[in-house]
Structure formats: C-alpha cells, structure tokens
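This report walks through one protein model.

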Amino acid sequence: MPTPLMSAMLHAKCPRCRRGDLFATSMYGFKSQKMYDNCAHCGFKFEIEPGYFYAAMYVGYAINVALAVGVGMLTYLITSEEHSPWIYITTILTASILFSPVNFRYSRVVLLYWLSPNVKYAAQYDHD
C-alpha cells in the first residue's frame, strides 16, 4: 500500500517509492544526521547530481526566516508591554538552534519532493 504524500514527507521517505528512508539516523540525538546515498527499496539515488543538496540551504533559509517571523510575532503577542530587542533576539536564536535539526532534514525533503521536477512518484513500486 503506498504511503500518502504528506505522510511520506513527514516521515522522510523516498520521493519515488515512498517506502525507503532518506535518513539513516534519528533527527535528534548525539549522532549527526546521515542521509542514505540510495533508497533501500527502489534504488533511487538521492543526490541527483554532485552538490545537489547545496540548494537545500536556500530552502533552509526560507524555513528559518518563516520560523523567525513566527517566533517574533508570538513573542510580541506574549510580551507586548516590553519592547526590548534582547527578548526577540533571545527567543528567535533559541528557536533557530532548537529547530536546526528539523530545518536540516525538511529542507532536503522539500527540495526532493517539491522543487525537483525530475523526481516523480512511481506507482510501479506499490505492488512490491
């Protein structure tokens, strides 16, 4: 049974078969995040060309900007009386550091699923 698109993205599965894992390690832990070279299920090569995941830095930047704006607005709503810039700097930097593993992982997932026109879901792997 194929995994639905959003579930496959959330669990960081292969964009072609939606069954194999993209990452060999967990998101949070003492080991650095290691990405598989190929899908264990369908053999799809994740790094489509050399340096392909450098583009994930741009996606990660967009995610981090959205996070900073959201945390900044939430900080303003919670502490509307105080206008010290250090409150905003502290909360935004803390959120950016805490969410950096999430940012790393999902910037690559978004790059593979949404921003790579040559990566398509192959229904032929549904019957395996």
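A residue counts as buried when its relative accessible area is under 20%, and as exposed when that value is over 50%; partly exposed lies in between. Ala 12 has a relative accessible area of 2%, so Ala 12 is buried. The model is predicted.

**Overall fold**

The protein has four helices and zero strands. Along the sequence the pattern reads α-α-α-α. Of its 128 residues, 34% count as buried. Among contacts with a separation of 6 or more, 61% join residues 24 or more positions apart.

Arg 105 sits in helix H4, residues 100-113. A salt bridge needs a side-chain nitrogen within 4 Å of a carboxyl oxygen, so a cut-off of 4 Å applies here.

Arg 105 has polar partners. A polar atom of its side chain lies 2.7 Å from the backbone oxygen of Thr 25. Its side chain also makes a polar contact of 3.1 Å with the side chain of Gln 33. Beyond its neighbours within four places in sequence, Arg 105 is in contact with Ala 12, Phe 23, Thr 25, Ser 26, Met 27 and Gln 33.

Gln 33 belongs to the loop between helix H1 (5-10) and helix H2 (56-78). Its relative accessible area is 17%, so Gln 33 is buried. A polar atom of the Gln 33 side chain lies 3.1 Å from the backbone oxygen of Pro 101. Leaving out residues up to four places away in sequence, Gln 33 touches residues including Pro 101, Phe 104 and Arg 105.

**The salt bridge**

The count comes to one salt bridge. Lys 13 and Asp 21 form it through their side chains, at 2.5 Å from N to O. Asp 21 has 34% relative accessibility, so Asp 21 counts as partly exposed.

**Aromatic pairs**

The count of aromatic pairs comes to three. Two of these are listed here.

| Pair | Centre to centre | Angle between planes | Arrangement |
|---|---|---|---|
| Phe 44 and Phe 46 | 5.9 Å | 75 degrees | edge-to-face |
| Tyr 52 and Phe 53 | 5.1 Å | 75 degrees | edge-to-face |

Phe 44 counts as buried at 12% relative accessibility. Phe 46 is buried too, with a relative accessible area of 0%. Tyr 52 and Phe 53 are both buried.

**Positive phi in the loop**

Most residues other than glycine have a negative phi. Which value does phi of Ala 12 take? Phi of Ala 12 is near 55 degrees, a positive value in a residue other than glycine. Ala 12 is found in the loop between H1 and H2. Arg 18 lies in the loop between H1 and H2 as well. Arg 18 has a positive phi of about 60 degrees, although Arg 18 is not a glycine. With a relative accessible area of 14%, Arg 18 is buried.

Terms used:
Residues are numbered from 1 along each chain as its sequence is written. This is a predicted model: local features need pLDDT of at least 70, side-chain atom pairs count only at pLDDT 80 or more; totals for chains, interfaces and linings use all residues. Side-chain values use heavy atoms; hydrogens and water are left out. Helices (H or I, at least four residues) and strands (E, at least two) are DSSP runs, numbered from the N terminus. Buried means under 20% relative accessible area, exposed over 50%, partly exposed in between (1.4 Å probe, protein chains only). Contact means heavy atoms within 4.5 Å. A polar contact is a pair of N or O atoms within 3.5 Å; within protein, one must be able to donate a hydrogen and the other to accept it, and residues adjacent in sequence count only if both atoms are side-chain atoms. Rings of Phe, Tyr and Trp (its six-membered ring) pair if their centres lie within 6.5 Å; planes under 30 degrees apart count as stacked, over 60 as edge-to-face and the rest as tilted.
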